[in-house]
Amino acid sequence: MFRPPSASSPFDHPRADVVLRSSDNMDFRVFKLFLSLASPFFEALFNLPQPSDENTGNIVEMIDGLPVVPVLEDSGTLDILLRFCYPRTLTPIPPLDHFKNAFNVLEAAKKYSLDEVEKAICEALFNPKILEVDSLRCFAVARRARLRDQTIMAAKYSLREPLIPEWFEEIELVTAADLLALLTYHQKCGSALQQLHVSFSWIEQHYQNQNAVLWILGKATGRGCNCPRAKVAKLFDNQPTLWWEEFMDATFQALKDKPCAHTIHEMIEKTIQEIRRRSCQSCSSNIASVMCEFADLFAKKVEELVSEVELPLRLSGEVGYQFYVSKVGSAETS
């Protein structure tokens, strides 16, 4: 008679009082107490009268005198889920190094009412360190798991990625409608930021007078430098330097593809290095400090405008497939 293999420690304890069998036939010998404390679902399940031949006509499989409870999760998912339920003295929190694994565990946590497990996974997965690198993967997992706040957060961080991203494995977790909503949001953010290019009044309102932006006007040393002047741009009715105009033009072009504060800081750093290579002492004398201050202003305006753009999410399971729209929060993406 075939006997499924047993899971590894601590799910092979000889004093366990129930066996959970995964969908791929692996037995996990676990303690009802740990699972009952972690989940009201398991608490209710284990309090039910055990079925028998007399009252159901079904044969209940037993192993070593323990009832076997089949579950739909595979062994990999079940192993991670149970480790979250067990005391830390018996097993450490498992690493979630694969996004599909994280999604499967999230689904199981929601199914079994493991609220603390769901919270722990969200904290481990949806944090700035991971979002900055894998925002699209996080979006796919959050959207598929119907995690509203995490979906919005991941969408905001995804603005660091190009408008048309490269293929990623977890894209299969989302629908075409979800992906279209994300791309539409991305494009609208890029378009919204272009108003800052049409008029530099936001710069004038912040600095108040031209004496505060002499470095932009090529007069940082008190007199005009020999750098070429802008062809179109005007600031306080003066022509700024050509390099500053070109910096602004290039930055707004980049913002169409990556409409976020992070883009500002990348472009600022490139410009600082370029100006330092020039021979103009007036422009390069304190370029790092003034440009970094300007970057903070620029990034703040970008964040304000992006926060006003709505993310359209199409939710299934509603009459007429109504559209749900939520304003994106102020998660820091710079």
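Helices (H or I, at least four residues) and strands (E, at least two) are DSSP runs, numbered from the N terminus. This is a predicted model: local features need pLDDT of at least 70, side-chain atom pairs count only at pLDDT 80 or more, while totals for chains, interfaces and linings use all residues. Residues are numbered from 1 along each chain as its sequence is written, and side-chain values use heavy atoms, with hydrogens and water left out.

**Whole chain**

Start with everything selected. The chain holds 15 helices and 6 strands. Of its 334 residues, 46% are buried. Buried means under 20% relative accessible area, exposed over 50%, and partly exposed in between (1.4 Å probe, protein chains only). Take contacts next, meaning heavy atoms within 4.5 Å. Among those between residues at least 6 apart in sequence, 65% join residues at least 24 apart.

Now colour by pLDDT, the predictor's confidence in each residue, from 0 to 100. The chain mean is 86, and 90% of the residues reach 70 or more. Select 315-334: here pLDDT is below 50, and the stretch has 50 contacts in the model beyond near neighbours in sequence. Where pLDDT is low, the predicted coordinates should not be read in detail.

Select Ser9 and Pro10. A cis peptide bond joins them, with omega about 10 degrees. Pro10 sits in the segment before strand 1 (18-21). Move to Asn25, in the loop between strand 1 and strand 2 (27-30). Its phi is positive, near 60 degrees, and the residue is not glycine. Most residues other than glycine have a negative phi, and most peptide bonds are trans. Asn25 counts as partly exposed because its relative accessibility is 38%.

**Helix 4 against helix 5**

Select 75-85 and 99-111. These two helices pack at about 65 degrees, their axes 9 Å apart. Axes are lines fitted to C-alpha atoms, for helices over the stretch in contact, and angles run from 0 to 180 degrees between N-to-C directions. Which residues of helix 4 and helix 5 meet? Thr77, Ile80 and Leu81 come from helix 4; Asn101, Asn104, Val105, Ala108 and Ala109 come from helix 5. By class, this contact has 5 nonpolar, 3 polar and no charged residues.

Step on to Ser113, in the loop between helix 5 and helix 6 (115-125). Here is another positive phi in a residue other than glycine, near 55 degrees. Ser113 is partly exposed, at 29% relative accessibility.

**The nonpolar core**

A nonpolar core is a set of buried Ala, Val, Leu, Ile, Met, Phe, Trp, Tyr and Cys residues joined through side-chain atoms within 4.5 Å. The largest one has 96 residues; Trp244, Met248, Phe294 and Phe298 touch the most other members. Helix 15 (residues 287-307) gives the most to this core, with 10 residues.

**Two last residues**

Select Ser201 in helix 11 (residues 201-207). Is Ser201 buried or partly exposed? Ser201 is partly exposed, since its relative accessible area is 31%.

Finish at Thr271, in helix 13 (residues 261-276). Thr271 is buried, because its relative accessible area is 8%. Not counting residues up to four places away in sequence, Thr271 touches Trp243, Phe247 and Met291.

Technical notes: Ala, Val, Leu, Ile, Met, Phe, Trp, Tyr, Cys and Pro count as nonpolar, Asp, Glu, Lys and Arg as charged, and the others, Gly among them, as polar.
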